[in-house]
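Visitor: I am new to this structure. Please show me how to read it, one feature at a time.

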Amino acid sequence: MLTNEIIQQKLTDKFGDSLTDWQVPFGMLTFTAPKEINLKVLQFLFDEPELKFNFLTDLQAVHYPDNKGAELAVVYHLHNWVDNIRIRFKVFTDINQPDVYSATALYQSANFMERETYDFYGVNFVGHPNLIRILNVDEMDYFPMRKEFPLEDQTRIDKDDDMFGR
Amino acid sequence: MSEHILLPEGSIEKQTTTLNLGPTHPATHGVFQNILELDGERIMKATSTVGYIHRAFEKIAERRALYQITPLTDRLNYCSSPINNMGWHLTCEKLLQVETPKRVDYLRIIIMELARISDHLICNSIVGVDSGAYSGFLYVMQFRELIYEIYEEVCGSRLTTNIGRIGGFERNFTNAAFEKLEKFLDDKTGYPAQLREFENLFTRNRIFMERTIGCGPITGERAMNYGFTGPNLRAAGVDYDVRVHSPYSSYQEFDFTVPVGTTGDCYDRFLVRNQEMWQSLSIIKQAYQKVQAFKGADAEIYHADVPAYYLPEKKDVYTKMEALIYHFKIIMGETEMPVGEVYNSVEGANGELGYYLISDGGRTPYRLHFRRPCFIYYQAYPELTQGGMLSDAVITMSSLNLIAGELDA
């Protein structure tokens, strides 16, 4: 039976100390990998006969504007259907040079998900066959899900957010 | 099929035709655009464009309190919005560590399986419509109406339901709701009889079989690589079902089978959906029996006891101080969430519907991502249709159960 401890052990044996920030929030093993080796980690998780993480459940980005030098996180959710166990791993990248290797060669499903992530966060997936906007209009020249774009117009003065703001 | 050669764009010998199928075309049942490169009627190349009805739900959710996000989830897969609502409530409950009572779980299962039936019956009857058999669509429609009436009894609305709350339901199911449910489940006059008739019309219908067998097939391996989930994946022979793999809302107590197909073509997808409707009917019957076993005060339980997150009843708000305080706090979005990140998924009508919620301890999610099954498996569409006929592409699209609202979030 595959457990989080075994997965962590196998990954540490392979990649040493480069994988950091091990956590298990709500039972899902979570760790951070340097962005240079994201494909190596994905490939290892895919190929290793005991791990068999063959299904990319989800891929998205998160923006942490205060995390200087590593503002964007790309989050991968992987699922092993044989042992029915999920893991999550993140790679952080500088927002000024948001280059992350694309997982499309390994997972066809990453194609649209990476395009969506590019569309909203501007993560440049190196090696993606067709990295263009998908849900927004092609003419858009910014990445709307980044935190510097507030949902509501900040110039409005008719709303007092001190009292009821979130 | 592969012996056809595409001549370069603008070449004088170019024999192919470019056809714009969509964005608004009656056969696409939604706002999808496909630019097809046709040689006669055979599709050489398909390019899909999505995003015509993108409504920035993820961005909006970053400024909304938890209860205000439920109506956003309605508008993802609007053919089965209760499943989306429940998935969202379950995600919040996981983050807030709310335990729901058993009766709530069973009531939720009834609603979720009704939603699954209403989604599958639309999808399958639309496959019929697109292959030229309109009557099946009209046959089942009255039962979708009945399902909507049950929703209406429970929550007051029909299509975009906004059903339930964190911790349970807004009110107990009325007797009228249960009566309508019984009417729906009746073997002679209810949905089972109608479904049998529907299957009689299609399953061994020679024309329908000729039309759908071998149309838009995919192998299990390709389907997995393309991120297929739900009935489309199971039609390709992979028995992955979130209800079985990671049971939520007490699904582990129910006895049901996961139907699988073999070829992953339109016919198998149709059969798998039909079988799933039978399984859903059986689950609803089991859940209804379990609900009926609650007597006395237990039969009045319809929400968990979590006053800080569960919106209190209106009559309590007017008469009890505490209820008024919590009402105010919840409505004004002043309830703080615990810090954490959680991924939770439910078996939506067309696949694994996931919610990835990151909370930084504020009053709204720091980041919320919807894993929309449609969006992920739609990228296989060019591969499914390439080499086939134009009319097959239309059937393939409807049998994939693509819902524009879910595709574009």
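Visitor: What radius of gyration does chain B have, and what would a compact globule with 409 residues have?

Guide: First, a word on the source. This is a predicted model, in which local features need pLDDT of at least 70, side-chain atom pairs count only at pLDDT 80 or more, and totals for chains, interfaces and linings use all residues. Residues are numbered from 1 along each chain as its sequence is written, while chains are lettered from A and ligands numbered from 1 in the order in which they are written.

Guide: Now the radius. It is taken over C-alpha atoms, and the globule rule is 2.2 Å times the number of residues to the power 0.38. For 409 residues the rule gives a value near 22 Å; chain B has 23 Å, which agrees. The C-alpha trace of chain B spans about 80 × 50 × 30 Å along its principal axes.

Visitor: How many helices and strands are there in chain B?

Guide: Both are DSSP runs, numbered from the N terminus: helices are H or I with at least four residues, strands are E with at least two. Chain B has 18 helices and six strands.

Visitor: What percentage of the residues in chain B are buried?

Guide: Count C-beta atoms, placed from the backbone, within 10 Å of a residue's own: 20 or more others means buried, 12 or fewer exposed, and in between partly exposed. In chain B, 50% of the 409 residues are buried.

Visitor: In what order do the five strands of the sheet in chain A stand?

Guide: Strands of a sheet pair through backbone hydrogen bonds, either parallel or antiparallel. Here two strands pair if DSSP finds at least two bridges between them. In chain A the order is 1-2-5-4-3, in an open sheet with mixed pairing. Strand 1 and strand 3 of chain A stand at the edges with a single partner strand each, so one side of each has no neighbour in the sheet.

Visitor: Which strands run parallel, and which antiparallel?

Guide: Take strand 5 (residues 85-93) of chain A. Five bridges join it in parallel to strand 2 (residues 29-33) of chain A. Here A:T32 stands opposite A:K90. Strand 4 (residues 72-80) of chain A pairs with strand 5 of chain A in the antiparallel sense, over nine bridges. There A:N80 stands opposite A:I85.

Visitor: Where is A:F26 found, and what is its phi?

Guide: Most residues other than glycine have a negative phi. A:F26 has a positive phi, near 50°. A:F26 is found in the loop between strand 1 (20-23) and strand 2 of chain A. With 13 other C-beta atoms within 10 Å, A:F26 is partly exposed. In chain B, the phi of B:A56 is also positive, near 55°. B:A56 lies in the loop between strand 3 (42-49) and helix 1 (57-61) of chain B.

Visitor: How many residues does each chain give to the contact?

Guide: Residues are in contact if their C-beta atoms, placed from the backbone, lie within 7 Å. The contact takes 29 residues from chain A and 34 residues from chain B. On the side of chain A that touches chain B, strand 3 of chain A gives the largest share, six residues.

Notes:
Two residues are in contact if their C-beta atoms, placed from the backbone, lie within 7 Å.
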